[in-house]
Amino acid sequence: MSNRMHQVSEHLKASSQFNNVNLAPPDPILKMNAIYKADPDPVKISVGVGAYRTEEGKPYILNCVKKAERMMLDDPNNDHEYLPMAGLQSFTDAAVKLILGADSHIIKENRAIGFQAISGTGALRVGAELLNRFRKSIAYVSKPTWGNHLAIFGDCGFEVREYQYWDPATRGLNESFFDTLRSAPNGSIFVLHGCAHNPTGVDPTEEQWKLVAKIMKEKNHFPFFDCAYQGFASGDLDKDAWSVRYFVDQGFEMFIAQSFAKNLGLYGERVGNLTLVVHNPDVLPKMHSNLCKIVRAMYSCPPAHGAKIASLVLNTPELYKEWTVELKAMADRIKEMRVMLFDLLTEMKTPGTWNHITDQIGMFTFTGLTQNQCKTLVGEHHIYLIDNGRISIAGLNTKNIRRFAEKIDWVVRNIQ
Ligand SMILES: Cc1ncc(COP(=O)(O)O)c(C=O)c1O
């Protein structure tokens, strides 16, 4: 009886106005994570999701973040009121300083503003929406790139093209990138990863960045920097901002999407900022008003909690100091895991060369494993990674790395 009561009649089902909706393809990384979570095997390893894990394999809440949250709890003036459409200004001002450098002449000349966004993804999205309204052109993203770039620019109405970035032969930067910069229509938008390129872990050298800037200048291309890993790549916030600051010094106008998901461990709080750098300070209030119009219609105003945490960390000298130490510790742990993995594969004489593991930078390594090798690791060895061979080094620790290396060794020897 109760079963019958819960059944939906075929007639009612057939009357739905949404029967024409097809299933959208799942996100490969999130799908992989769901399969990992459902696996009961105690020795399972996840190197799929790009989120930092401690030596114990656990998510990490930074001490500076805990302290900031305590300060908020103790502050009688803290509340849960709406933020303005452009977000928390003490946070966005600090985020602009963080990426451009506190004593940047651009800030002194009022040629930069920040606009709070829903993490790095939201900063890219509102930036792309603004560009689409006022500076429509072709948008180029790297191949391969972080899974969302194509979708974000495509959904904003851009024609999106790819520039070859990865060279499988050298497991480094593909020289044809420079040819694409030269052959792209003048005034194209190029999405550039400021540091710690996702998924390849390959960053241009300073010399290569200089060449990128030189060609982009000649061609009047527009740089849209995606900075999701400032401080996380080298462990040094200024060093990781080198590429952006070099482009600023070369006189570019540009957009910069900043995420505080990784470097402050605030993944789910969605803390981000869009920095606009322009030649004419007079246009900034106008651009700001149009960003407000865009977000008003999308989500009205950004979330407050994470922005308040970030603002306290960025603006309180003791917390900022502690942050830099914790950031370096996270980056160092990742670097140690890279060295350990390289040493283990070398010790086992795993066929192939593996120096790219220590040459690459940031959370990810593009291993060069084939699709079949990746599928075998997932299907038979409880090692979860996406099948382009990208691994998140943060998923490795001293307890699981030997088993991980042994399984890599096995698939390389036995699977094509
Ligand atoms: C290159 C790149 N850009 C942007 C993001 C956006 O991250 P979030 O929206 O969580 O800040 C990520 C996250 O993995 C990324 O790797």
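Alanine 196 sits in the loop between β7 and α10; helices (H or I, at least four residues) and strands (E, at least two) are DSSP runs, numbered from the N terminus. This is a predicted model, in which local features need pLDDT of at least 70 and side-chain atom pairs count only at pLDDT 80 or more, while totals for chains, interfaces and linings use all residues. Residues are numbered from 1 along each chain as its sequence is written, and side-chain values use heavy atoms, with hydrogens and water left out. The points below cover loops, salt bridges, helices and surface charge.

- Alanine 196 has a positive phi of about 55 degrees, although alanine 196 is not a glycine.
- At 3% relative accessibility, alanine 196 is buried; that word means under 20% relative accessible area, while exposed means over 50% and partly exposed lies in between (1.4 Å probe, protein chains only).
- Proline 199 belongs to the loop between β7 (189–193) and α10 (206–219).
- The peptide bond that joins asparagine 198 and proline 199 is cis, and its omega is about 15 degrees.
- Glycine 201 is also found in the loop between β7 and α10.
- With a relative accessible area of 1%, glycine 201 is buried.
- Glycine 201 and tyrosine 163 are 38 residues apart along the chain, and their C-alpha atoms are separated by 16 Å.

**Other loops**

- Proline 144 lies in the loop between β3 (139–143) and α8 (149–155).
- The bond from lysine 143 to proline 144 is a cis peptide bond, with omega near 0 degrees.
- Histidine 382 is placed in the loop between α16 (371–381) and β12 (383–384).
- The phi of histidine 382 is near 60 degrees, which is a positive value in a residue other than glycine.
- Histidine 382 counts as partly exposed, at 26% relative accessibility.

**Salt bridges**

- Side chains of opposite charge can pair when their charged atoms come close.
- The whole structure holds 17 salt bridges, each defined as a side-chain nitrogen of Lys or Arg within 4 Å of a carboxyl oxygen of Asp or Glu.
- One of them joins the side chains of lysine 67 and glutamate 322, at 2.7 Å from N to O.
- Lysine 67 is in helix α4 and glutamate 322 is in helix α14 (residues 317–347), so this pair ties together parts that are 255 residues apart in sequence.
- Lysine 67 has a relative accessible area of 36% and is partly exposed.
- Arginine 182 and aspartate 179 form another salt bridge, in which the closest N and O atoms are 3.5 Å apart.
- These two residues, arginine 182 and aspartate 179, are separated by about one helical turn because they are 3 residues apart in helix α9 (residues 176–183).
- Arginine 182 is partly exposed at 44%, and aspartate 179 is partly exposed at 46%.
- Aspartate 409 and arginine 413 also meet in a salt bridge, at 3.0 Å from N to O.
- Both aspartate 409 and arginine 413 lie in helix α17 (residues 401–414), 4 residues apart, or about one turn of the helix.
- Aspartate 409 is buried, with a relative accessible area of 11%, whereas arginine 413 is partly exposed, at 43% relative accessibility.
- A network of salt bridges links Glu55, Arg333 and Lys399.

- The 31 residues of α14 should span 45 Å at 1.5 Å a residue, and the end C-alpha atoms are 45 Å apart, which agrees; the expected span is 1.5 Å times one less than the number of residues.
- Lysine 349 follows α14 and has a positive phi, near 55 degrees.
- Asparagine 414 is in helix α17.
- At 45% relative accessibility, asparagine 414 is partly exposed.
- Asparagine 414 and glutamine 373 are 41 residues apart in sequence and 8.7 Å apart in space, C-alpha to C-alpha.

**Negative charge on the surface**

- Asp74, Asp75, Asp79 and Glu81 gather in a patch of negative charge on the surface.
- Patches are made of residues with over 30% relative accessible area and no salt bridge, and like charges are joined within 9 Å.
- Asp and Glu count as negative, and the place of a charge is taken as CG of Asp or CD of Glu.
- Accessible areas come from the Shrake-Rupley method with a 1.4 Å probe.
- Aspartate 74 is in helix α4 (residues 63–74).
- Aspartate 74 counts as exposed, at 63% relative accessibility.

Methods: Patch = residues over 30% accessible without salt bridge, like charges linked within 9 Å, V, L, I, M, F, W, Y side chains within 5 Å.
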